[in-house]
Amino acid sequence: MRRRPAILVLEDGRTFHGEAYGSVGETFGEAVFNTGMTGYQETLTDPSYHRQVVVQTAPHIGNTGVNGEDDESGRIWVAGYVVRDPARIGSNWRATGGLEDRLAAEGVVGIGGVDTRALTRHLRERGAMRVGISSVDDDPRALLARVRQAPQMVGADLSAEVTTAQPYVVEAEGAHRFTVAALDLGIKRNVPRRLAARGVTTHVLPASSGIDDLLATGADAVFLSPGPGDPATADGPVGLAREALRRRIPLFGICFGSQILGRALGFGTYKLGYGHRGINQPVLDRVTGKVEVTSHNHGFAVRVPGADQGAVVPDQVIETEFGGVQVSHVCLNDNVVEGLRAKDVPAFTVQYHPEAAAGPHDADYLFDRFAELIEGRTHSEGRTNA
Amino acid sequence: MPKRTDLKHILVIGSGPIVIGQACEFDYSGTQACRVLRSEGIRVSLVNSNPATIMTDPEFADATYVEPITPEFVELVIARERPDALLPTLGGQTALNTAVALHSAGVLDKYGVELIGANIDAINRGEDRQLFKDIVAKAGARIGVADPTGLVPRSRVCHSMAEVEATAAELGLPVVIRPSFTMGGLGSGMAHTDADLARIAGAGLAASPVHEVLIEESVLGWKEYELELMRDRHDNVVVVCSIENVDPMGVHTGDSVTVAPAMTLTDREYQRLRDLGIAVLREVGVDTGGCNIQFAVNPADGRIVVIEMNPRVSRSSALASKATGFPIAKIAAKLAIGYTLDEIPNDITLKTPAAFEPTLDYVVVKIPRFAFEKFPGADPELTTTMKSVGEAMSLGRNFTEALNKAMRSMETKAAGFWTQPDPRGATKEDTLAALGVPHDGRLYTVERALRLGASIAEVAEASGGMDPWFLDQIAALVELRAEIVDAPVLDADLLRRAKRAGLSDRQLAALRPELAAEDGVRTLRHRLGVRPVYKTVDTCAAEFEATTPYHYSTYDQETEVAPSDRPKVLILGSGPNRIGQGIEFDYSCVHAVMALRAVGYETVMVNCNPETVSTDYDTADRLYFEPLTFEDVLEVWYAEDSSGKAAGGPGVVGVIVQLGGQTPLGLARRLKNAGVPVVGTSPESIHLAEERGAFGSVLARAGLRAPAHGMATSYEEAKAIAEEIGYPVLVRPSYVLGGRGMEIVYDDPTLRDYIGRATDISPDHPVLVDRFLDDAIEIDVDALCDADGEVYLGGVMEHIEEAGIHSGDSSCALPPITLAGSHLAQVRRYTEAIARGVGVRGLLNVQYALKDDVLYVLEANPRASRTVPFVSKATAVPLAKAAARIALGATIAELRAEGLLPPTGDGGTMPADAPIAVKEAVLPFKRFRTPSGKGIDSLLGPEMKSTGEVMGIDTNFGHAFAKSQSAAYGSLPTAGKIFVSVANRDKRGMIFPIKRLADLGFEIVATTGTAEVLRRHGIACEQIRKHYESGAGEDAVSMILGGDVALVVNTPQGSGASARSDGYEIRSAAVTADIPCVTTVPGAAAAVMGIEARIRGDMRVRPLQDLHATLRATR
């Protein structure tokens, strides 16, 4: 059975031919590539991919079908999906269905049979850019015109589109130790899960919440979630973070959350050429000197004065209005800032994904660090009060 | 953590001869290690007995000892070299075992040698099964696995049938039964039914002296995975590669079709394997370097069981390195001297560090190559004992593309699906039934079952657990096949889809007979513009720019072949290792690369064997990991030639086919006809040497003698020839390598039987019938010939066994040990005449037999032979390099002038005091069993059976031979019992050597007839009955099996088939008991000289560099 033809057109005009995959239709977004060899279900349901068309470099996608356990949110978020060889069947003991059916059911327009390596090389050389996929119009020129009308990622404020409508609570496993209020800018399910495993109850709140909403939950600490969009637009969350810093509330953030901390500390953020999206990225923990293999999904990064050109001095402390800050982690591939640690206030963040899902668990210890930070804080406060 | 500065001198141990389970992947890893260490300014000493390796080339180490890898000899090397450290993790189990033995014997302490890259405790923890089980449970507990005891197969010790039944009920059938304290696992088995359980466990309880059996859950049929990991001394760990076996648990991973990366794991499941692998690695305490861990995963619920780990670079690491572009051995060597992963740059991107995990945007498939046809009687069922002799790997942009490419890389009669007819009358039912027994080519059976209408579920069930995803991929091919067969015409779209699925022109031709075979398909394909593109292996799925041109073909939109205007030379490799075509040919190919790079050519390597040095992307300027079929080679040539010309250069100026053995040689004529510039000996000349009639004319013109012979296409013709020339005759198919199908026939019935078995016989493929020269001395010559017809004798080797034993299996000495000067002169004259008569441009190998002072030409091969590396090392002359240069137009005179060849003299004029080099073959009999579990016959004949070779080199034959035996089989005995049973015709020849052994203090035990003869010559001996003779007391077979015998001397009585049956029980007992077994008179004489040398105990070691300097000084 032959599939319907489909085309993919990049905003610079480069065109790829393939076959319809998932839903038949047309879609637009920012073209980005992900190099993970496993974890397509987690990738598809990661809110950070909102408005992005994801190119999978792994050629076979869908081999294990989809299951009821691996979603990282309530739906598929990618704006479009580009693969080389879609699986005809999913085979896994946990599978509850096939991937293509799921894509079709959620209206996700994809394209298969594409020379994804050529496309990836193109994006690597020219940078992430807008793209359109169509399995209803086979005229590349017409599609190109529509691609050029699609919105850019720079300047996109997307938190409101991905955040939870209502607050919800993820209970601690076992004995309750702490309460954390998480600002949902596009959170993944595995974050509260990793916290729960450490006796943390997480209150997840909508992106529009203020610091008082967060603290009203009785939170011991604040968590800034990952999520899509340009951090330069996140004035609300940045203000919230500054307030948390001012009040010395323990704070941890991941990915977008790390960019927000960076901005709250007064640093800038910038868009990377083609970003980091994969689960094999080497990150150096500059405190321990150890390398962890980590899961990444970021198109923006924090620009630390004097530290963004690969010249990060290990012990360099940058003075900010909230005291000294260190670059705690860097990516060894390109020296991008991957972690920040405040010395004088209880706050640290990482640009990558210690919650993994998908990806290796090497950075799981960061949740322990967060728990220790909260513990140290509540403990010392207890003493002060006494 | 930078490099250690206290290590100035490191001893590297290689893996010795190629054997099943330990092949040339360790040449690849060892060569990398030597290169890395030397580039760090460290002095490298090396021990490896295998002359066919690149690592034992004198330029790869500072001191190269081609000496046996035994504690005894390695200690001699240590005493002489006094290294700071020993690196044992790159030479397979052989190196690791030797290091452990040296440690246990206190040798390392005595000489102050530090073990690096491994520690003894970790090695022991990895190898001891019970210890390992505990470690896995501990590691599992540490990372929070809910039931860590479930990470190893569940089991219980039982003392009664009631307990056995209760345990089996709990674990579920099948279960494995292992009786306690029985010899060699006697009484073990697998129970699939209650009846099996009652029978096996009942017998097991009875057989166990403590009335105890272990009932263990079976993981047969579970999914099987491997992870390749690396750890540095800062405890950074990365997973280099995941590998999934298409064959589920029950088939050794070396014998399984495997895929990288894992195809059927979700991220959660994959990360669980990764977490466990890292935890086990840490718990075992692997110091630094590579390690490999195997897992079984229950397809029903995802439960993981850890099967085993290897705390060293392994066969899979070579595969993983080639599959990912991450050079495990190279990195392991750097880690061993103190670097950490983040300090080592990624070889391919140069800009990113090695502290990452490679990600693939292609699929890799490895298929094992078997050689059951060489071992009649051996059980071809695939089990947990590895039986394959080689493998091919392929890369594609999807699974079926990689699979189809790997299948056609096998060099077997079937070159992928549909290229051979189905077995007559195949039905769905019997095809499904056949799937139940794992066998070579099981995927062909899968495809047939699906094509005959079986469902994926039926095939999954019948195959004992192949994953439905893989089966669906093959089902997609079956559907595509139907589309291709049914399509009115093969249009561009369908053709492109077929190529994207990996189908070859030859497969398509089989489906579309109207297309005038493969050539017709190719013509159509080119007309429609359907040609492959070439992608790059870059470790990072294109995230970063790659600097290394390591390519594979696929049918996609964009090609990545970088234009280059330099003159290019394509070197075709030898494909999967098999008996008769192994590492020796890879050696020659690598040498060609080195020689041609040195004079400015851009070298392009084409090969599909992941174990080799030639497929290291560091070897040639460009590497194409491709099948060596006409289609695939032609496309590579086209891509390189056209991109070179487009860049304004000359493109491909030559394709070298004569160094990779028979595989590329067989392509020569078609390539030339397609306009490819085949250089070196021309296809016409190749034909002159290979086609019997043409070669006969060459000999006749030069007045050279050959054994009387004829060609037959039927029994009647063969019989007439045999009558005319007289029995015994040597019969064989034309155009073979490794003596495939070659037999010595003594009478009409055996001849009739042979012709009956030679099913392929046809006028195009006649059977050759040669007079067999009994008791002749066989001589092997490697020579070079240039365009001027000047001949350089590379080396003249005298075989130790008489003619009739395949040259690849017989031991030989260089320089020849008994030939007279007049013989050598005759050999030179003959060789020159043949080289000129055939028109050789490069290497030529000739085999002669000398009988009654008359020299006969047995055969000539116009290509690099198996002995080229041996000769090169024994004479200090790089023959393959010279051959490559000659192929591109250099003359011998020029090469002498520039110093690649000696200024004067050659391998036929070795100085009188030249060291004697002995080559000994290594045979794999131990690996095989008959279906009933008996050893197979170790008798040698004209069909080659050895997998590898070793070299012993010393000042005299006795010492050199003793070294060769130590290297090949463990040392010759110096005391104990020798069992002798020889054929009547050998009794005279045996008296002297056996007498000498008796004088040396050995106890002689002989069978009746032999004992009588020995006693009459005053040799005291104990008489023992043969196993089939009635009588009291022990028989010969049980004595050998009992381990009481140190050496077996047995020559077969009679002739032909009856010779095989005569001593079979004795020889197979020797194989089972792992005792040296001599089967010829000259072999026995050589053994005596070796034993004497050992008893004298004056063994010395000397590096090749030293020996070569001495040799060069004489020229």
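I work on a predicted model, in which local features need pLDDT of at least 70, side-chain atom pairs count only at pLDDT 80 or more, and totals for chains, interfaces and linings use all residues. Residues are numbered from 1 along each chain as its sequence is written, and chains are lettered from A and ligands numbered from 1 in the order in which they are written.

**Entry 1: a helix pair in chain B**

For contacts I required C-beta atoms, placed from the backbone, to lie within 7 Å. On that basis Lys428(B), Thr431(B), Leu432(B), Ala434(B) and Leu435(B) of H13(B) meet Arg442(B), Thr445(B), Val446(B), Arg448(B) and Ala449(B) of H14(B). The residues of this contact divide into five nonpolar, two polar and three charged, with Ala, Val, Leu, Ile, Met, Phe, Trp, Tyr, Cys and Pro counted as nonpolar, Asp, Glu, Lys and Arg as charged, and the others, Gly among them, as polar.

**Entry 2: two single residues**

Is Thr445(B) buried or exposed? I found it buried, with 22 other C-beta atoms within 10 Å; buried asks for 20 or more, exposed for 12 or fewer, and partly exposed lies in between, with C-beta atoms placed from the backbone. Leaving aside neighbours within four places in sequence, Thr445(B) is in contact with Thr431(B), Ala434(B) and Leu435(B).

I then turned to Ala332(B), which lies in helix H11 (residues 328-336) of chain B. Ala332(B) is buried, with 27 other C-beta atoms within 10 Å, and residues up to four places away in sequence not counted, Ala332(B) touches several residues, including Thr89(B), Met230(B) and Val313(B).

**Entry 3: strands of chain B**

Strand S25 (residues 729-733) of chain B is largely enclosed by the rest of the structure, because four of its five residues are buried. S25(B) runs antiparallel to strand S26 (residues 743-745) of chain B, joined by three bridges, and antiparallel to strand S27 (residues 767-771) of chain B, joined by five; pairing asks for at least two DSSP bridges between two strands. Ile744(B) is the bridge partner of Leu730(B), and Val767(B) stands opposite Pro733(B).

I also traced an open sheet of seven strands with mixed pairing, in the order S17-S18-S21-S20-S19-S22-S23 (chain B). Its edge strands are S17 (533-536) and S23 (678-679), each pairing on one side only.

**Entry 4: where chain B touches chain A**

I recorded 47 residues of chain B in contact with 44 residues of chain A. The largest share of chain B's side, six residues, comes from H9(B).

Conventions. Helices (H or I, at least four residues) and strands (E, at least two) are DSSP runs, numbered from the N terminus. Two residues are in contact if their C-beta atoms, placed from the backbone, lie within 7 Å.
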